[in-house]
Structure formats: C-alpha cells, structure tokens
Amino acid sequence: MTTALRRALEAVCPDRVIDREHPRYDATRLLFNGMHDRRPRLIVLPSDREELRRVVPLARESGLPLAVRGAGHNIAGTAGVDDGVVLDLRLLDRVRIDPQRRTARVQGGANWAQFDASASRHGLAVTGGTFDTTGVGGLTLGGGIGHLMGRYGLSCDNVLTYSLVTADGDRLAVDAETEPELDWALRGAGHDFGIVDEFVFRLHPVTTVYGGTVAYPAHEMTRAVELFRRLGSEGPDELVCILLLERYGRAQDPAAVLSVCYSGTDPTCPGLLDKQLRSLEVLDWQVEERPYLSMQQLLGRLPYGLRHYWSARCTDELPDELIAALVERFQAGRRRGEFNDTVYLEAFGGAVRREAERPSAVGWRTARFNVTGMAIWEPAAADEEQIAWARSVARAAEPWGVFGDGYVNYVSDAGTDRAGTARAVRTYGERGYRRLAALKRRLDPDNVFRSTYSIDPAAIDPAAIDPAAVDPSAGE
C-alpha cells in the first residue's frame, strides 16, 4: 500500500515525498517538542494550494493516520504521526500584505517571523506569537496570545476569512456570513475540521512600542509577581504583561523577568510605567521605545528538538496564596542549565476579555491570568521528573482554575479517548463541545483530522461525563 500511495502522491508532488530511507527524513520529521519522536511512513510537501487540495483525499483514502504540519511548533506533537502520512505545509509560506486595505493574506505554512517581517515593512501588525518561530496557523486556530492582544484582541479575532480544505479535498471559503458555525469553531478550536491553507487578517498601524524586559533578583521574586498582578489587573488596555520565574543571564541566577509591551499613544504612560517597574530592585533593564519587530524577537528562539512539557491553568485571580505557591514551585525546580524550569504567567485584559466582534470558541476569554509550568530540557534529563514538576504548577493553580485546560495551545498531550473528551468538555463547556461535535460530524465524520483534543464525532455524549471527576493534572 505504501508503494502505491507514494506513487500517487509523487504524481502530484514530484520529488517532494519523503520516506524513511530519504537522506532528509530525520531533519524533515523533527518537531519543536523533542518528546514526540514521530516516525511517519511518508512526508508530503505540496508547493502550492492546488497540490495540497489534491493530496488530501489521497492520504485519506490510504486509511493511514494523517497529521498536518504547519511550523511543527505544537507542544502536543500533533504535527507528526507514527506510521502514517504527514502533510507538511512548510512550502506554503507566502505572506502578501495589502497596505492600502491593511490586510494580510497568509498561507498555512508561514510562521510569525515571516509574517511580522512582511507586515512591519509597511508599519502594520496584528497580534502574533511571542515566540516568532510559532506557526501562524496553529497559533491562530487555538486563539492566539501575543503582545498586542490587549489593544487588538487575540490573533483569531483579527481573521477576516479562512480558506479550508476538507477531508474530501473540497475548498471552503469561510467567514461569518457564509459559514457562521464553522467560522465560530475556527476561532479557538480550529485544528480538527480540515486544513486552513490561507488566512486573511485585518492589520493595524503599529510601528514602535514601549517595551522590553526588566529582571528582578531572587529576593524580589514575590514582590515582582505582585507587581505583575497589579499591572495586569489595573494597567491600560494597550499594556500587555508576561512574567517569567526563571534562571537568567550568563550566571543563570534565579530571577523574575517581567516583559512589558505598551502599544498605546498616551505620552505619559511610559514614564508612569517606568516608575512602577523601578519600585523594586532591578537586576537588568531592557525597557525602551523599540520597533514592534524587535519586541516580537525579544524572548528569543528555542532550537527544535528540545524536550517540552507545559501544564497551564487560566485563573480569575492571582491571590497571595497562589503567588507564594508559584514562587515555591519555581524554587523546587531541578533544572539549572540554559534550559530550565520556568513558571510563565500571562495577564489578559482589554480586548481579550471583552466580547469579540465575531463569536469564537475561545472559552477562557473572561479569565484574568494564565499560569503555566513550562519545563524545557535536553534529552539526557529524566522525563518523568520534568513532567511531574510542570504538572505540580498546574495543581497549585487548580483551586483558582477556570475553563478546564484553558488555552489549548499550551496543552502538552493530545486527548483522544474518554479522558480527552472529558477534558475538552471542561475546556469548551458542554454546549461548546456539542457544537464542535456537530460540526465534526458534518465536515469530518471519519475523524481524519485530529489535534490537541480530537473532537470525535462518535464520542461519548458529553452530558454523561462529570468534568469534576477528571484528574486535572493527568494527561495535560
């Protein structure tokens, strides 16, 4: 079967079907998260959207498991599949900017580095990944957190239209008028219904921002989290704050690193922000007026192949008790090298928490904070120890947790069984899950497309699941 399938795929994508004997096989199959060492039978790289449309039904009819890879940045490893077929979109990475209409037409294989570079040449931007090697498609279909979200909403809030290839190889033009239910699902739960081969985004005039990072020494860690809480709760819509409890700089000393990005126009805000940021002892200061593109590159880039386990919870508050627990969890981390155990906090405000112009499947929109245990390590380290540490951070936040697993882009394990269905119900809500399952039955009844939560069209009735009975720390 593999030989016949390869010939059929080669007829559409000549010299761009990679098998296990190919010299580029290992490099091509490599994912961002090295915990997922997927070994597909075939990797197919279409070079245009018509080739993609033609290879989808060929892959489906083979009966082999199918995975779709954009940038391969997915933490759960769903951009690869063992003993199946990967449709790799990396050659579909074109970004076209229309500066007059302030729109971007972006193919499904582009990443945010490509997007930001193209848009910034015209003084335009949209909310994008804080790590710019993240894929545009994967991030946006899961919601899309970024430095501009307080002012302009999530990435998905800025999509005007989608082009979706179904399991049958049909292409659907999707917007709020033509496909309102699918348009809703693609905004936050969009990985399970087909392949989005092109997005059209609304762009905004953004040239410079006031932002960067300020690092505080270990003895200021608790006060730094309290400062983050205050800025995240009381700051203007245009201010987005992220806090990392991590090991910092060449000496890898414990530190609280606060990232701030102010994209507004109030001339007094930078001075007021500086005053608050300097109210604690400063270890390192990198906050200044800078090009937005520089802000997007500030958190750096991680090489593909490191091992990752992220465990997150959205919360409505960040009380003193939780702050103390998070500082203790950071101190309990065992990793001391360049890649270490990080408590990663994001504050949501402004346009994120308001009702979006177009309805979305994002369930956690009204949450105030996102709390993530982010374990990153090299392959020689002990996996179970790192996983246990990341899960312990989520357990610490669980008493204040809302919306189940919250932001689905931070979920490390795909859920495809009863427990996965229960987690999806916790995250999207019972009504939301029913809507998603109904769409799945219409568009993909054979469950060809599976991602972090496979919305199984034949799944158990969500009403029969008690979400409270699901162990929140298991299978994250």
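Q: At what angle do helix H11 and helix H12 pack, and how far apart are their axes?
A: Helix H11 (residues 320-332) and helix H12 (residues 383-397) pack at about 170°, with axes 9 Å apart; helices are DSSP runs of at least four residues and strands of at least two, numbered from the N terminus. The model is predicted, so local features need pLDDT of at least 70 and side-chain atom pairs pLDDT 80 or more, while totals for chains, interfaces and linings use all residues. Residues are numbered from 1 along each chain, and side-chain values use heavy atoms, without hydrogens and water.

Q: Why are H11 and H12 called roughly antiparallel to each other?
A: Angles run from 0 to 180 degrees between N-to-C directions of axes fitted to C-alpha atoms, for helices over the stretch in contact. Over 145 degrees counts as roughly antiparallel (under 35 is roughly parallel, 65 to 115 roughly perpendicular, the rest oblique). The angle of H11 with H12 is about 170°, and the two helices are therefore roughly antiparallel.

Q: Which residues make the contact of H11 with H12?
A: Leu-322, Ala-325, Leu-326, Arg-329, Phe-330 and Ala-332 of H11 meet Trp-389, Ser-392, Val-393, Ala-396 and Ala-397 of H12, contact being heavy atoms within 4.5 Å. By class, nine are nonpolar, one polar and one charged.

Q: What makes H8 and H9 roughly antiparallel to each other?
A: Helix H8 (residues 221-234) and helix H9 (residues 269-277) pack at about 155°, with axes 11 Å apart, and are therefore roughly antiparallel. Leu-227, Arg-230 and Leu-231 of H8 touch Leu-273, Gln-276 and Leu-277 of H9. This contact has four nonpolar, one polar and one charged residues.

Q: Why are E1 and E3 called edge strands?
A: Strands pair if DSSP finds at least two bridges between them. In the open sheet of four strands, with order E1-E2-E4-E3 and mixed pairing, strand E1 (17-19) and strand E3 (66-69) each pair on one side only.

Q: How do E3 and E4 run, and how many bridges join them?
A: E3 and strand E4 (residues 85-88) run parallel, joined by four bridges. Leu-87 in E4 is the bridge partner of Val-68.

Q: Where does helix H3 lie, and at what angle to E4?
A: Helix H3 (residues 49-61) lies across E2, E3 and E4, at about 170° to E4.

Q: Which strand supplies the largest share of the lining of the largest pocket?
A: E13 does, with four residues. Strand E13 (239-248) and strand E19 (369-377) each supply at least two residues of this lining.

Technical notes. Nonpolar A, V, L, I, M, F, W, Y, C, P; charged D, E, K, R; others polar.
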